[in-house]
2 protein chains.
Amino acid sequence: MRIALDAMGGDHSPEQTVKGAFDFLQSSCGQGSQVILVGQSDALRAEVKKHRFNPSQLEIVHTEKIVDMHDRPARIVKTKRNSSLVQAVELVRRGEADGAVSAGSTGALLSAALFLLHRIPGVRRPAVCPLIPTAQGGFLLCDAGANVDVRARDLVQFALMARANSVHLFDHPRPRIGLLNIGTEAGKGNDLTIRAHGLLAQHVDNFIGNVEARDLFAGVADVVVCDGFVGNILLKVIEGMVLHVAGWAQEKLKQHPISQLAVPLMRPALKDLAQELDYEEHGGSPLLGVNGVVIVCHGTSSARAIMNGLKTAIRCLTEELLGSIRRGIEAHLDIFEERNAVTTA
Amino acid sequence: MRIALDAMGGDHSPEQTVKGAFDFLQSSCGQGSQVILVGQSDALRAEVKKHRFNPSQLEIVHTEKIVDMHDRPARIVKTKRNSSLVQAVELVRRGEADGAVSAGSTGALLSAALFLLHRIPGVRRPAVCPLIPTAQGGFLLCDAGANVDVRARDLVQFALMARANSVHLFDHPRPRIGLLNIGTEAGKGNDLTIRAHGLLAQHVDNFIGNVEARDLFAGVADVVVCDGFVGNILLKVIEGMVLHVAGWAQEKLKQHPISQLAVPLMRPALKDLAQELDYEEHGGSPLLGVNGVVIVCHGTSSARAIMNGLKTAIRCLTEELLGSIRRGIEAHLDIFEERNAVTTA
């Protein structure tokens, strides 16, 4: 299989993206695959030279431009068509790649994917669905930021798509689907979640009802559904806490010389913990609802995260994730029929 | 000053609530104050007997009933008028107490306070505004759960009320007010936050714009404004992480005997850190917008949290928090005039 990698996307490109491609091709998952590095060819050739490896599985497609944080995502295909991010998706559109991976702007990637590959039939809104790691293996959060204003019916589609993701990419035969809410009882919540609760119960297998934010780390659900505004806040507060609490702990250790002595002894345990909480272990996540395999990785991705993102792309293809999502959506298209839509959400 | 304490509210009542009252009266802040313990008199007398102290500053008001989690908050004054929670507020209404403190259900307390004390003139929605502790001293989160569906103008009132709270209770002469959002640029967000951004800039002193959830722990703002659904999710995910990550760390330590050796050495630093992250240090928070001093404490409050809640009530009175909120709201009543309201939010 051929995967197009936006080699200029992310904070540590192209060094870490190119290294990630090499690591992937040398892994068992990468055997028989090809990676198309998309980006500025001079820079990429310089990176490729650093690695001792037969580059027959690697190809470089030159693009001049780079998408940056000042670009407006919605207009990216018009304003930066010849960028590494857009061209990686374009290769999928032309059938020259089977999937695309990028650690660039999620908004820009989603916009390019929608414009070039369109939606899976029946999907109203594509969604972003990262794994949030926990000591219990983590949960999928959907939507984590693609859709800030949604209707209750959209949450049902998020649940159906994330369910397919959980089944095929995380080996949950029958994932527990929870609705993120401010109380566990049915009837709790805001207008959106109160409406969504009934629809989810009706349309989604193994819907376990409302789940509270404080219980997420106890492993109450495999998939947590919410609107993209709430999901993005949740995702970022978790990131912020992991970062800052670790920083505070180090500050405190410095203030107590006796505690400072303990640091070397703590390392094995802290390393285990850090690994469990590390999103890079888990690679990127597919843009759910897009009619093609497009994987978004975290902007700070290291080579390992890129390698895992490429593995995720392969997994989406071998597991036929798109077909599974399509069937799930088709089976519940009735919630989007206009008559029903008006009365229920 | 006389403070009515719902002595039956919270997970550790009446033992910890009564102890909290004693600790408060023995503190410098409690000198010259009186506490009215509201609850089942037999149980309260038994607790009072455990303490060696002159109880002239303590009074018991008997109530038969206790509000529990099965009671519907909205109907609490009708269904459980003779409960410790409702009667503590009733004492304020009758002028027999200057303020009330409860670690019972926030929803029930808010409902009782609204029914018996009403709103400060001009306030459309009262709000809950706890301090979220961080290594930088923490930030006030408003609203943390009282209002799940709000309009942009409500967020302006939350900001004005939380601002007064920050000035008077936390000694910030000019608090930085941020709008919780999924990006820092103006124009980011959902319908609600995009609309609120302009109104906040127009009406709120030292509005610093959007703040992202990942930066909250870096101390970017003194007051963080959001709707109560998002605020409650944020509050609870923070609680959940503190709880579970500490638990995981202990698990990991057990798996590495060498790390286990380090635990005693780590204690001084971890104790410091735990103290900084502990909401009990900071006592309860006033129900903002209610026309009376009513302090809500966390359901798991220990004696120390109750003592600090009583101190918060005294502080609200000596600082004349209600007057300050009233003036703040009055100065910006124009956003609630119907003509303006229709066009802006």
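**View 1. The open sheet of chain A has 7 strands in the order β3-β2-β1-β4-β12-β11-β5, with mixed pairing.** Strands pair where DSSP finds at least two bridges between them; strands (E, at least two residues) and helices (H or I, at least four) are DSSP runs numbered from the N terminus. The edges of the sheet are formed by β3 (58-62) and β5 (127-128) of chain A, each with a single partner strand, so one side of each is left without a neighbour in the sheet. Strand β11 (residues 285-288) of chain A runs antiparallel to strand β12 (residues 293-296) of chain A, and 2 bridges join them. S285(A) has V296(A) in β12(A) as its bridge partner. The model is predicted: local features need pLDDT of at least 70 and side-chain atom pairs count only at pLDDT 80 or more, while totals for chains, interfaces and linings use all residues. Residues are numbered from 1 along each chain as its sequence is written, and chains are lettered from A and ligands numbered from 1 in the order in which they are written.

**View 2. Strand β2 (residues 34-39) of chain B has 5 of its 6 residues buried.** A residue is buried if 20 or more other C-beta atoms, placed from the backbone, lie within 10 Å of its own. Strand β1 (residues 2-6) of chain B runs parallel to β2(B) and is joined to it by 5 bridges; R2(B) is partnered by Q34(B). Strand β3 (residues 58-62) of chain B is also parallel to β2(B), again with 5 bridges, and I36(B) is partnered by E59(B). Together with helix α1 (residues 15-26) of chain B, β1(B) and β2(B) make a right-handed β-α-β unit, meaning that, with the strands pointing away from the viewer, the path from the first strand over the helix to the second runs clockwise.

**View 3. Helix α11 (residues 303-318) of chain A comprises 16 residues.** At 1.5 Å a residue (times one less than the number of residues), the helix should span 22 Å, and its end C-alpha atoms are 23 Å apart, which agrees. The buried residues of α11(A) include I306(A), M307(A), L310(A) and I314(A). After α11(A) comes E320(A), whose phi is positive, near 50°.

**View 4. At the interface, 45 residues of chain A are in contact with 44 residues of chain B.** Contact requires C-beta atoms, placed from the backbone, within 7 Å. α8(A) gives the most to the side of chain A that touches chain B, with 18 residues.

Technical notes
Two residues are in contact if their C-beta atoms, placed from the backbone, lie within 7 Å. A residue is buried if 20 or more other C-beta atoms lie within 10 Å of its own, exposed if 12 or fewer, and partly exposed in between; C-beta atoms are placed from the backbone.
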